[in-house]
Amino acid sequence: MVHKSDLVVIGICVGLALGILIATLVFFGLRWYKRRAHLRQSSNERSVATHPIRVNGLGTSIDYSASLSNSIAVKESECPQKNSQGSWWSNQSKDRFVSASGIPRYAYKDIQKATQNFTTILGQGAFGPVYKATMPTGGVAAVKVLASNSHQGEKEFQTEVCLLGRLHHRNLVNLIGYCVDKGKYMLIYEFMSNGSLANLLYSEEQFLSWDERLQIALDVSHGIEYLHEGAVPPVIHRDLKSANILLDHSMRAKVADFGLSKEEVFDGRNSGLKGTYGYIDPAYMSSDKFTMKSDIYSFGVIIFELITAIHPHQNLMEYVNLAAMSSDGIDEILDKQLVGACKIEEVRDLARIGHKCLLKSPRKRPSIGEVTQAIMKIKQRRLAKEDRMSFADGEFSRVVSRIEDQQIELSKLAEMKDRHEEC
C-alpha cells in the first residue's frame, strides 16, 4: 500500500519534470524565433542594399527639380535624428544608414589606394583636407577627410550624407560615396576641376569674365531655388559663401558643403550660431532664427563678391553700403579686371538684385525664385539685343551684297554698250 508521503514525493517529481520540460520547450522556442527574425532582417537589408536608389554616378547629376513628385524623400524614421548624435553609429546603425541614404560606402583601404595614400591634396576646408582620387571605375573624385581638430564632426557628416542621399540637382555637388572606417570619416564627391569660386575670384593668375560671373550667379540661384522650393521638405543651406561654390570643367557652378544645412522644420529650439563671418544675416545673429531669407542674404553677399572681387573680410559691406547711395555707385567698386570688359548696365542690374537680397528686414527680401527670374531677365535682354544686332548685321550684309550685285550688272551693261558702239 502506497503511503501518503510517497504520493507527495511522486507528485513533486512529476511536477518538476513537467516544469523542466516546459522551460526547455520555451527556451528552444525563443531561440528559434529570434534566429528566424534575424535571418528575415538580414535578408531585407541585403535586398535594400542591392536596389539602385541613387541612379546618378560619378561626373553626372540628375535634375529632379522640374517636378516635386520626382523628389526622393527619405522617411523621418530612416534618417538618423539630430538629437541622437551619441548613438548614431552604435548598434549596427552604420548598415541601416547605408540603406537609408542610398550612398555607396567604401572601405578605408579602397580610399587609401584611390588617393595614392593621400598624397595629392586639393585644398583645406573647415571639415578637413581634400584629396584627389582616382576611383576603381576610372573616374576622378575629391575626398574630404574629417580632421581630428575640425570644428565639424559626426553630426555634420551625418547631415551631409543624409541630405545628399535625397537631393539631386545639376547645380548641387554630387556626393558619390562615403567612408567610415578605422576611426576616419570621409566624403567622396564628383571632381570639380576649376575649384572654388573664392579661389578663382581672388587669384592673381586667373580671370573670370563678366559672362562667366553672370552665369555663376544664375547657376547658384538655381541650386538654392531647388533647395528652397524644389526639395521636400525644403532645405536651408546655412553656410552659403564663395568657398562653397565649386566650378566644373565648363565653369558651371554647383553649391557644396551641406554639413550645416537644415530641413525647414521649426521645433522652437535654438540651434546656436551657424555660418561664416561676413556672410551671416544680421537678423539671424539677433534672433537666432535662420530662415530661407538668411540664405538670400548670404547670396546677396556672393553677388557683390562677383561684381567687386572684394572679400567680405575686407570690408565688402562697407563698400556696398557706400555704393548704394547713388544709382551708379557700383561703378566705383567694380572689379578692375572688368572695367571696359563688360556692359555696365548689366552690372548695375545685378547690383540692384544684390541690394534687395541684403535688405535689413528679412520679410522685404525677395524669394530665391524671384532672384532667379531677375537674373534670367538680364541674360534674356542680352540675348535679345544680340539677336537684334545679328539680324541688323544680316540685313546690312544682304543690302551690301545686293548693291555689289547691281554694280556688277551695271558694269556688264557698260561693257556691252562700249562693244556695240565700236561695232
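**Close-up views of a predicted model**

Figure 1. Leu30 is located in helix 1, which spans residues 4–49. The structure shown is a predicted model. Leu30 belongs to a nonpolar patch on the surface, together with Leu7, Ile10, Val14, Leu18, Leu21, Ile22, Leu25 and Val26. In general, an α-helix has 3.6 residues a turn, so residues three or four places apart point the same way.

Figure 2. Five strands make up an open sheet with antiparallel pairing, and their order is 1-2-3-5-4. From one strand to the next, the twist averages 25°. As a general point, strands of a sheet pair through backbone hydrogen bonds, either parallel or antiparallel.

**Figure 3. Pairing of strand 2 with strand 3.** Strand 2 (residues 129–134) and strand 3 (residues 140–145) run antiparallel and are joined by five bridges. Within this pairing, Lys132 stands opposite Ala142 of strand 3.

**Figure 4. Helix 4 packed on the sheet.** Helix 4 (residues 154–164) packs on the sheet, where it touches strand 4 and strand 5 (184–190). The direction of helix 4 makes about 35° with that of strand 5. Because nine of its 11 residues are buried, helix 4 is largely enclosed by the rest of the structure. The buried residues of helix 4 are Glu156, Phe157, Gln158, Thr159, Glu160, Val161, Cys162, Leu163 and Leu164.

**Figure 5. The salt bridge between Arg252 and Asp219.** The structure holds 11 salt bridges. One of them joins the side chains of Arg252 and Asp219, with an N to O distance of 2.9 Å. This pair links distant parts of the chain, 33 residues apart: Arg252 sits in the loop between strand 7 (245–247) and strand 8 (253–255), and Asp219 in helix 6 (residues 210–230). Arg252 counts as partly exposed, at 37% relative accessibility, whereas Asp219 counts as buried, at 1%.

**Figure 6. The salt bridge between Asp281 and Arg365.** The side chains of Asp281 and Arg365 meet in a salt bridge with an N to O distance of 2.7 Å. Asp281 lies in the loop between strand 9 (262–263) and helix 7 (282–287), and Arg365 in the loop between helix 10 (344–357) and helix 11 (368–422); the pair therefore ties together parts that are 84 residues apart in sequence. Asp281 is buried, its relative accessible area being 1%. Arg365 also counts as buried, at 3% relative accessibility.

Figure 7. In the salt bridge of Arg348 with Asp331, the closest N and O atoms are 2.5 Å apart. Arg348 belongs to helix 10 and Asp331 to the loop between helix 9 (316–323) and helix 10, so placed that the pair links distant parts of the chain, 17 residues apart. Arg348 has a relative accessible area of 19% and is classed as buried, because buried means under 20%. Asp331, with a relative accessible area of 24%, is partly exposed. Elsewhere, salt bridges that share partners join Asp211, Glu346 and Arg382 into one network.

Note on methods: Residues numbered from 1 in each chain as written. Predicted model: local features only at pLDDT ≥ 70, side-chain atom pairs only at ≥ 80, totals over all residues. Heavy atoms only, no water. Patch = residues over 30% accessible without salt bridge, like charges linked within 9 Å, V, L, I, M, F, W, Y side chains within 5 Å. Areas by Shrake-Rupley, 256 points an atom, 1.4 Å probe, with all protein chains shown as cover. Salt bridge = Lys/Arg side-chain N within 4 Å of Asp/Glu carboxyl O. Helix = DSSP H or I, 4+ residues; strand = E, 2+ residues; numbered from the N terminus. Buried < 20%, exposed > 50% of the residue type's maximum accessible area, 1.4 Å probe, protein only. Pairing = 2+ DSSP bridges. Axes fitted to C-alpha atoms, helices over the stretch in contact; angles between N-to-C directions. Contact = heavy atoms within 4.5 Å.
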